[in-house]
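Let's take a friendly walk through a protein model together. Keep the sequence and the 3D view open as you read.

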Amino acid sequence: MKTTYLVLAACSGLVLAVQPVAADSAAGAPKTVKKAKAADADKAPASPELAAARQRLKDAQAAMDKFQKEKKARSKVKPKWYRDADKAFAEAKKHNLPVWCVYSDPPTCSVCQAFEKEIINSGPVKNARGAYIGYISNTPLPEYKCTAKPFGYLFSPDKQPIIPLPYMSTKPAKDYAARLQEYSAKLIEKQERQVTRELEYSKKLVDALAAGQPAPPEEPDEEEAEEQQNPNMRPGYGPNARPGYGPNMPPRRPMPRYDDEEGEDMDDAGE
């Protein structure tokens, strides 16, 4: 350890005082010099990897803020029906809502009339905000799994099949509304899981690189990976299919023909 001695002379006499001044033993420099060097180190430009990680964290936080804002607005989106598939899926992607694809032709099908009157144009389904966007056609929709009328199938905004939602005379409209809300919630949960995972990893990445440590490994979305490897794990598919849907659907009973105009309500929006 270095010690500096200051010799002080008293003005009134020849009294001498010797006072030691401590210096930093590690760096061999005064503490003020060490702090200055640390400040200069903080101002030093970050490595390209750390700069990229910080930008990734900034983008992840912006994505989370956007998600929270859109999630609130999404819950207020009123269902709209389109007769154009591109418009329907574009609207669904805008709000991350599922698309209910329906093949129905009331003029030639009394059961279709019942489907539109009792289900599609019912209060619970029409007022299910933040639940779905509708796409209806009077011709078969093989690309959307609707080849028999009346029939409906729920798709994700990126056109991935979710679950069949055909007409069933034994199920009230409120059950349809509940199913639409259920799968709409699953989409938003998946999106929230993705943005949250990205934000958490970005924070870990910045902290590791700032400390001079290697980048931590990214953990995959286990639920999504499991669904991709085994489609039967998804609700509505394979052995997990709910009774009353798909091959388990009971035969339809004949329905009376309706001659009123209530089945045209879906034409008022989304054309």
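We begin with a sheet, move on to the helices beside it, and finish with the nonpolar cores.

This is a predicted model, in which local features need pLDDT of at least 70, side-chain atom pairs count only at pLDDT 80 or more, and totals for chains, interfaces and linings use all residues. Residues are numbered from 1 along each chain as its sequence is written, and side-chain values use heavy atoms, with hydrogens and water left out.

Helices (H or I, at least four residues) and strands (E, at least two) are DSSP runs, numbered from the N terminus. Five strands form an open sheet with mixed pairing, in the order β3-β5-β4-β6-β7. β3 (81–82) and β7 (161–164) are the edge strands, each with a single partner, so one side of each has no neighbour in the sheet. Two strands count as paired if DSSP finds at least two bridges between them. β6 (residues 151–155) pairs with β7 in the antiparallel sense, over three bridges. There, Y153 stands opposite P164 in β7.

| Helix | Lies across | Angle |
|---|---|---|
| α4 (residues 110–120) | β3, β4 (99–103) and β5 (133–137) | about 150° to β4 |
| α6 (residues 173–210) | β4, β6 and β7 | about 165° to β7 |

Helix α6 has 38 residues and reaches 56 Å from its first C-alpha to its last, close to the 56 Å expected at 1.5 Å a residue. That expected span is 1.5 Å times one less than the number of residues. Just after α6, G212 takes a positive phi of about 80°.

Buried means under 20%, exposed over 50%, and partly exposed in between (1.4 Å probe, protein chains only). Leaving out residues up to four places away in sequence, S184 touches R74, L97, P98, G130 and A131.

A nonpolar core is a set of buried Ala, Val, Leu, Ile, Met, Phe, Trp, Tyr and Cys residues joined through side-chain atoms within 4.5 Å. The largest one has 26 residues, and those with the most contacts inside it include W100, I119 and L180. β4, α4, β7 and α6 each give two or more residues to this core, and α4 gives the most, with six. Apart from this core lies another of 18 residues, among them A85, V99, Y135 and Y144.

Conventions
Contact = heavy atoms within 4.5 Å. Axes fitted to C-alpha atoms, helices over the stretch in contact; angles between N-to-C directions.
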